[in-house]
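Please keep the sequence and the coordinates at hand while reading.

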Amino acid sequence: MEELVTGLLFEYFFRISFLEQVYLVCALLGGLGFVLQVVGMMLGLGDGHIDLHGGDMSVSDFDAGYKVLSVQGIAAFFLMFGLVGFVLLKEGMTDNIWSMVWATLSGLGGLALVSALFAFFSRMQSSGTMKVENAIGQQGRVYLTIPAGGTGKVIVTVQESQREFDAVSANNEEIPTDDRIKVVGIEAGVLIVEKLSGSSNEAEAS
C-alpha cells in the first residue's frame with residue numbers, strides 16, 4: 001500500500017509542469033522547515049537564528065530594518081511562495097509570469113508576518129519584571145560570535161527563562177559560537193562575559 005501511494009505521488013509529480021514542480025517542492029520544504037523549527041523551539045532544541053558572520057541575524061532585530069532574518073521567516077516565505085504559485089497555476093487562474101509575481105508577493109507577506117509575530121513574542125518575553133542585573137553570575141552560551149572588541153549575542157538563563165542578550169568579552173577576546181560563558185558585569189544593557197575554561201571549541205582544539 002505504501003509503495004502504491006509513493007508510486008502514485010511520483011507519477012503525479014512528473015506529470016505536472018516544471019514550474020508546478022518547483023512550486024510544490026518549495027511548499028513542501030517550507031512547510032517541513034517551519035514545522036521542524038516550531039517543534040524544535042517548543043522542545044528547546046534551537047533558537048531559530050542564523051549566524052551570517054557579521055550579519056547579526058535575529059528576529060529580535062526586526063525593527064532594525066531586517067538586519068536579521070529568522071529560519072521561520074525563510075520557511076514561511078517558501079511555504080507561501082510554493083502554495084500560492086502552485087494553486088494559481090494548477091487552477092489556471094493566471095499564467096507563469098503572473099503566478100511568480102503573486103507567489104513572490106505572498107512569500108514576502110508570509111515572511112513579514114512570521115517575523116513580526118516572533119519579534120512580538122521576543123519583546124513579550126524580554127519585557128515585564130525581568131531584571132537584566134539578575135544575569136550577573138549566570139552561565140550561558142554564545143550563539144552569535146563575540147568578536148574581539150565587538151558585540152555578539154549570548155543565551156543566558158535568567159529568572160528560570162532563557163533570554164538572548166548583546167554581549168562583549170571582558171578580556172577583549174573573540175569568543176566563538178557555542179562556547180560557554182559566564183556573565184561578570186553589565187554596561188548599558190550589554191552583558192560583559194568571560195569564556196569558561198573547557199569550552200567545546202577549546203576541547204576540540206586540544
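A salt bridge is taken here as a side-chain nitrogen of Lys or Arg within 4 Å of a carboxyl oxygen of Asp or Glu. The model under discussion is a predicted one.

## Salt bridges

How many salt bridges does a search of the whole structure find? The search returns three. One of them is formed by Lys153 and Asp166, whose closest N and O atoms are 2.7 Å apart. Lys153 counts as buried because its relative accessibility is 9%, under the 20% limit, whereas Asp166, with a relative accessible area of 34%, is partly exposed.

Another salt bridge brings together the side chains of Arg141 and Asp178, at an N to O distance of 3.4 Å. Here too distant parts of the chain are linked, with Arg141 in strand 1 and Asp178 in the loop between strand 3 and strand 4, 37 residues apart. Arg141 is partly exposed at 26% relative accessibility, and Asp178 is likewise partly exposed, with a relative accessible area of 42%.

The side chains of Lys195 and Asp179 also meet in a salt bridge, with 4.0 Å from N to O. Because Lys195 lies in strand 5 (residues 190-195) and Asp179 in the loop between strand 3 and strand 4, the pair ties together parts that are 16 residues apart in sequence. Asp179 is buried, with a relative accessible area of 0%, while Lys195 is partly exposed, with a relative accessible area of 24%.

## The barrel

In what order do the five strands close into a barrel? The order is 1-2-3-5-4, and the pairing is mixed. From one strand to the next, the twist averages 55°.

Strand 1 and strand 2 (residues 152-158) pair in the antiparallel sense over four bridges, and strand 1 (residues 139-144) is also joined to strand 4 by three bridges, again with the strands running antiparallel. Gly140 takes part on both sides: Val156 stands opposite Gly140 in strand 2, and Ile181 is the bridge partner of Gly140 in strand 4. Strand 3 and strand 5, by contrast, run parallel and are joined by three bridges; Ala167 has Leu191 as its bridge partner in strand 5.

## The loop between strand 3 and strand 4

Pro176 is found in the loop that leads from strand 3 (161-169) to strand 4 (180-187), the loop that also holds Asp178 and Asp179. Is Pro176 buried, partly exposed or exposed? With 22% relative accessibility, Pro176 counts as partly exposed, because the limit for buried is under 20%. The C-alpha atoms of Pro176 and Val142 are separated by 6.8 Å, although the two residues are 34 residues apart along the chain.

## A position in helix 2

Gln21 lies in helix 2, which covers residues 18-42. Its relative accessible area is 15%, so Gln21 is buried. Once neighbours within four places in sequence are left aside, Gln21 is in contact with Phe13, Phe14 and Ile16.

Definitions and conventions
Residues are numbered from 1 along each chain as its sequence is written. This is a predicted model: local features need pLDDT of at least 70, side-chain atom pairs count only at pLDDT 80 or more; totals for chains, interfaces and linings use all residues. Side-chain values use heavy atoms; hydrogens and water are left out. Helices (H or I, at least four residues) and strands (E, at least two) are DSSP runs, numbered from the N terminus. Buried means under 20% relative accessible area, exposed over 50%, partly exposed in between (1.4 Å probe, protein chains only). Two strands pair if DSSP finds at least two bridges between them. Contact means heavy atoms within 4.5 Å. Axes are lines fitted to C-alpha atoms, for helices over the stretch in contact, and angles run from 0 to 180 degrees between N-to-C directions.
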